[in-house]
Structure formats: C-alpha cells, structure tokens
Amino acid sequence: MGSSKPSSLSKKKAVSKAKAVPSSSLEERVSQLLSKLETSEKMIREERDLSYSLKEALNRFLVIENHCELIGRARDINQIIDSLISIAQQVLSFKVYAFYLLDQEKGDYHLRHAQQLDSNHKAIIQSHFDQGIIAWAMSEKRAAVIPDLAGLSQTTQNPTTGFIIVPLLAASNKIGFLEIWPDTIQIRGRNQLTMLELLARQASIAIENTFLYQKLTETNELLKRSQEQTINAEKMAAVGVLASGVAHEINNPLQIILARVQFQNRRSHGPEVDATLKLVEKEAFRISNIVGSILRYAQNQNHPDMQMSRMDVIINDSLLLTHAQLASHQIQVDCQFADDIPELTVNPGQIEQVLLNLIENARHSMKKGGTLYVRTLKKENEIHIEVEDTGHGIPKEYLNRIFDPFFTTKSPNEGTGLGLFLSYGIMQRHHGNIHVESTVGKGTKFILQLPLHPPTPHEEDPHH
Ligand SMILES: Nc1ncnc2c1ncn2[C@@H]1O[C@H](COP(=O)(O)OP(=O)(O)OP(=O)(O)O)[C@@H](O)[C@H]1O
Ligand SMILES: [Mg+2]
C-alpha cells in the first residue's frame with residue numbers, strides 16, 4: 001500500500017510545476033475543457049433524443065404492424081375498415097373521413113363508413129365525383145392531395161386547405177376509396193401519402209379476399225342445393241314411374257268394377273242395396289279420376305307436347321291430386337270458373353305442375369286452415385288463372401326474391417325454393433306470365449296469365 005501514498009518530494013515538485021504555468025494559458029485550458037464538456041453534453045443529449053425517437057418509431061411501427069396483421073386476418077369488411085382508419089390516424093391526424101366501396105356489379109360507389117360527415121363534406125365529395133377527380137385519382141393509383149379551392153371546408157373549427165383521396169386497389173381491381181380531411185393544414189410530404197397508399201393496398205387485398213370468400217361460400221351453398229335437387233328430381237322420377245305403373249295396374253280391375261256396378265245400378269235391388277251400390281259407384285268413380293290424373297301426368301312427362309286443353313280440367317286434376325292434403329289441413333276450396341274460357345294450346349302437364357306448386361305453397365301458408373280460391377277469368381287477349389289463399393302472406397322484402405332459384409323460407413325437407421322459379425320458366429315458355437300480390441297476415445294471390453293467341457312457332461324469334 002505504501003506505493004500509493006505520494007511522497008512529500010513529489011508533492012513539492014507538482015506545486016513548483018503548477019506555479020510555472022502562466023495564468024493566460026491556464027484560462028485557455030479551462031475554456032478548452034469547458035467547451036469539450038459542452039460538446040459532450042450536447043452529444044449525450046442528441047443521442048438520448050435519437051434513442052427516444054427510435055423507441056417511439058419502433059413503438060409506432062409495432063402498432064402499425066399489429067394493425068396490418070389484423071387487416072390481413074379480418075374476414076369482415078367493417079373490421080378491415082376500422083383497422084385501416086385507426087392506423088391511418090397514426091400516420092396522419094384526422095377525424096373526418098368517408099369510405100366508399102365500389103359496387104362491382106353496378107359499377108358505382110356507395111358510402112360504407114364515415115365519421116363526422118356533414119352536408120359540407122358531402123357537397124365536396126359530390127363535387128369530386130362531378131368533376132371526375134375521384135375517377136382521376138383511381139386511374140392514377142396514388143393518394144392525391146386535392147386543394148379546397150372553393151373554401152367549402154373552412155366553416156369547420158379546424159379549417160383545412162386540402163383533402164386527401166386514397167384509392168383502394170387490389171392489383172388493378174378497383175375496390176373503393178378513402179377521402180380524408182386532415183386536422184392540420186400541413187402535410188409533411190410524400191412519405192405520409194406513400195404510407196397511406198401501402199395501408200390502403202393491404203386493406204384492398206383483405207377486402208377482395210372477403211368478397212372471394214363470400215362468393216365461394218355462396219357457390220358451395222348453391223352446389224349443395226343443386227345436388228339435393230338432383231337427388232330429389234331422381235327420387236320424383238322414380239316415384240313417378242312407380243305411381244304410373246301402379247295406376248295402370250289399378251285401372252284395369254277398376255274399370256271392370258265400375259262397369260259392373262253401373263250395370264247393377266240400372267236395376268233395383270231394394271233401397272238399402274241400391275244406396276250401397278250408388279256409394280260404391282261414386283267412390284270408384286273418384287278413384288278412377290285420381291288414377292286418370294296420375295296417368296295423364298306420367299303421359300305428359302313423356303310427351304311434353306302442346307295440345308288444346310281445357311283450363312278447368314287441368315285445375316280440377318290438380319285439385320284432385322291435392323284434395324286429401326288440403327282437407328286434412330282444414331282448407332276449404334272455392335272454385336269459380338268463368339263460362340267464356342276457350343280451350344288453350346298449352347302443355348297440360350306443365351301447367352298442372354305450376355298449379356300443384358301454387359296449391360302446395362298456399363297449403364303451407366295456411367297451417368291453421370283457411371280458404372283456397374281458384375278462379376278463371378277472361379281479360380282482353382288473356383286468360384287469367386288466380387290462386388289465392390288466406391295464409392300468412394309474403395313480407396315485402398321477399399316479394400322480388402321469391403322467383404329466384406333456391407329462394408325458400410322453408411326448412412330443407414319442406415322445400416327447395418325451385419317451385420316458383422320453374423313455374424316462372426314454364427309461364428314464359430307459354431308466352432305468359434306469373435304475378436304475385438300479397439299482404440302479410442291476410443294472404444297471397446298468384447295470377448297466371450296465358451295469351452289467347454300465342455305466336456305460332458314460325459312467328460317466334462328463333463333466338464328467344
Ligand atoms: N302462397 C304463399 N304464401 C306465403 N309465402 C309464399 C307463398 N308462395 C310462395 N311463398 C314464399 O316463396 C318462397 C319460394 O316459393 P317456391 O315455391 O319457389 O319454393 P318453396 O315452396 O320454398 O320450395 P319448393 O317449391 O321447391 O318445394 C317460399 O319458400 C315462401 O317463402
Ligand atoms: Mg313451392
């Protein structure tokens with residue numbers, strides 16, 4: 001330890017040396033040291049600031065990355081737009097914005113999301129549409145700052161002198177655009193706009209993915225339903241073959257029974273036997289009618305030809321086939337046939353198919369019973385067949401969808417949603433039409449219109 005203690009000799013030397021330095025050079029040295037100290041302090045301060053801003057930038061980057069990931073994962077358009085807006089607000093300070101989506105089918109833009117949008121802002125967007133600024137920004141594929149030349153926005157508390165339009169494009173597909181009103185007048189340069197463009201691109205891809213996902217789900221659903229329909233159609237065809245076979249077999253002995261009963265009915269066998277024989281004849285006649293309509297149905301399936309037909313016969317056949325079902329649901333049938341209805345050239349099997357579907361739909365709507373009205377009317381150049389029920393009716397928002405294929409409000413084992421779609425096609429092929437009138441809670445009326453004088457085959461447009 002002795003070596004660390006300065007000897008009295010070395011102390012003396014140091015003092016004598018210090019005395020030898022002139023005072024001016026000492027001051028110089030002190031000032032040099034002070035200036036060095038100042039420089040070091042400044043460097044430390046700068047380094048600290050840099051590390052702060054690096055930290056801040058890193059934090060912001062992490063937040064943005066997090067949002068970008070959210071955008072990428074979102075399956076819902078609203079979620080994507082929310083994420084896009086909250087990141088964009090970190091890039092640029094704004095509260096007022098409008099988000100427009102392009103309707104891919106109609107080709108026009110619809111406001112999808114907005115915040116604090118007043119009539120002034122709406123007028124500005126409209127002027128941007130009218131002046132072709134939106135179309136220009138979309139074709140430029142870049143975010144654009146549009147000066148507020150008219151000073152329209154300056155009535156707001158925070159006047160801006162510009163708007164920013166950010167196009168949303170996935171590859172070259174237009175998705176929509178975002179229009180922003182920045183809080184401050186200053187835009188710090190192209191960097192911010194580039195950042196907005198990048199975010200918009202990310203959001204556009206995510207939105208396009210949701211569209212594709214939606215389409216895929218719809219196509220899958222359609223495929224599933226058409227598979228069900230094919231199975232049903234095959235089942236129906238098999239049932240049809242079976243039914244017509246059975247009907248054919250029943251028909252022969254039935255005709256013998258009918259002939260014998262009718263023969264016996266010509267003579268009297270005493271009141272009791274006579275009454276029984278009359279009843280047997282009536283019921284056998286009913287069976288004969290049912291068998292007849294099944295056979296006619298099968299024949300029409302095999303020979304889908306047009307032929308002169310009486311509408312009341314086709315309607316009665318349809319009612320006969322559905323009679324038991326209607327009766328078991330406490331549904332009364334009220335038929336009013338006009339006398340002046342001529343025979344029409346139609347495919348009776350197909351018209352019967354339309355009527356069977358209308359009757360079945362009516363029955364389904366009258367779960368607690370009711371009345372089914374069937375009327376025929378002659379109107380100028382048309383024959384109308386009306387099928388009206390006193391059922392639950394069709395809500396307004398469904399009225400223009402009921403003729404769409406696969407539109408149904410029934411459970412899968414009750415309906416496929418093809419009945420009215422096929423009926424519509426059949427009526428079109430007959431140069432006719434089908435209309436609906438309905439009031440919820442009161443009932444529904446379907447009107448079949450058939451022309452009295454349909455064009456003959458050579459008058460028809462071959463492309464139709
Ligand atoms: N008379 C009616 N009363 C109330 N709703 C009806 C009536 N007719 C049709 N609809 C509505 O229209 C929808 C479509 O009818 P459509 O006949 O095309 O299909 P479906 O009856 O559901 O199935 P399918 O006829 O293939 O068995 C029905 O699901 C129902 O919601
Ligand atoms: Mg139906």
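Analyst: Arginine 375 counts as buried, at 15% relative accessibility; buried means under 20% relative accessible area, exposed over 50%, and partly exposed in between, with a 1.4 Å probe and protein chains only. This is a predicted model, in which local features need pLDDT of at least 70 and side-chain atom pairs count only at pLDDT 80 or more, while totals for chains, interfaces and linings use all residues. Residues are numbered from 1 along each chain as its sequence is written, chains are lettered from A and ligands numbered from 1 in the order in which they are written, and side-chain values use heavy atoms, with hydrogens and water left out.

User: Which side chain meets arginine 375 in a salt bridge at 2.8 Å?

Analyst: Glutamate 386 does, at 2.8 Å from N to O. Glutamate 386 is in strand E10 (residues 382-389) and arginine 375 in strand E9 (residues 370-379), so this pair ties together parts 11 residues apart in sequence. A salt bridge here is a side-chain nitrogen of Lys or Arg within 4 Å of a carboxyl oxygen of Asp or Glu. Helices (H or I, at least four residues) and strands (E, at least two) are DSSP runs, numbered from the N terminus.

User: And glutamate 386, buried or exposed?

Analyst: Glutamate 386 is buried, as is arginine 375. Arginine 375 also forms a salt bridge with glutamate 388, at 3.0 Å from N to O. Because glutamate 388 lies in strand E10 and arginine 375 in strand E9, that pair ties together parts 13 residues apart in sequence. Glutamate 388 is partly exposed, at 22%.

User: Which residues are linked in the network of salt bridges?

Analyst: Arg375, Glu386, Glu388 and Lys445 are linked in it. The count for the structure is 5 salt bridges.

User: What does glutamate 360 pair with?

Analyst: Glutamate 360 forms a salt bridge with arginine 363, with the closest N and O atoms 2.9 Å apart. The two are 3 residues apart in helix H9 (residues 348-365), which means that about one helical turn separates them. Glutamate 360 is partly exposed at 28%, whereas arginine 363 is buried at 13%.

User: Changing topic: how many residues surround ligand 1?

Analyst: There are 22, counting residues with a heavy atom within 4 Å. The closest are Thr408, Thr409, Lys410, Thr416 and Leu420.

User: Which side chain is 2.9 Å from a nitrogen atom of ligand 1?

Analyst: That is aspartate 389, through an N or O atom of its side chain. On the oxygen side, a polar side-chain atom of asparagine 357 lies 3.1 Å from an oxygen atom of the ligand, and a polar backbone atom of glycine 419 lies 3.3 Å from a ligand oxygen. The cut-off for such N or O pairs is 3.5 Å.

User: Last topic: what lines the largest cavity?

Analyst: Met306, Leu344, Thr345, Val346, His430, His431, Leu450, Pro451 and Pro454 line it. Strands E8 (344-346) and E12 (443-451) each give two or more residues to that lining, and E8 gives the most, with 3. The volume is about 40 Å³. On a 1 Å grid over the protein atoms alone, a cavity is a set of points where a 1.4 Å probe fits but cannot get out, and lining residues have an atom within 4 Å of a point. The volume is the space filled by probe spheres set on the points, which are joined across faces, edges and corners.

Definitions and conventions:
On a 1 Å grid over the protein atoms alone, a cavity is a set of points where a 1.4 Å probe fits but cannot get out, and a pocket is an open set with protein on both sides within 12 Å along at least five of seven lines; lining residues have an atom within 4 Å of a point. A polar contact is a pair of N or O atoms within 3.5 Å; within protein, one must be able to donate a hydrogen and the other to accept it, and residues adjacent in sequence count only if both atoms are side-chain atoms.
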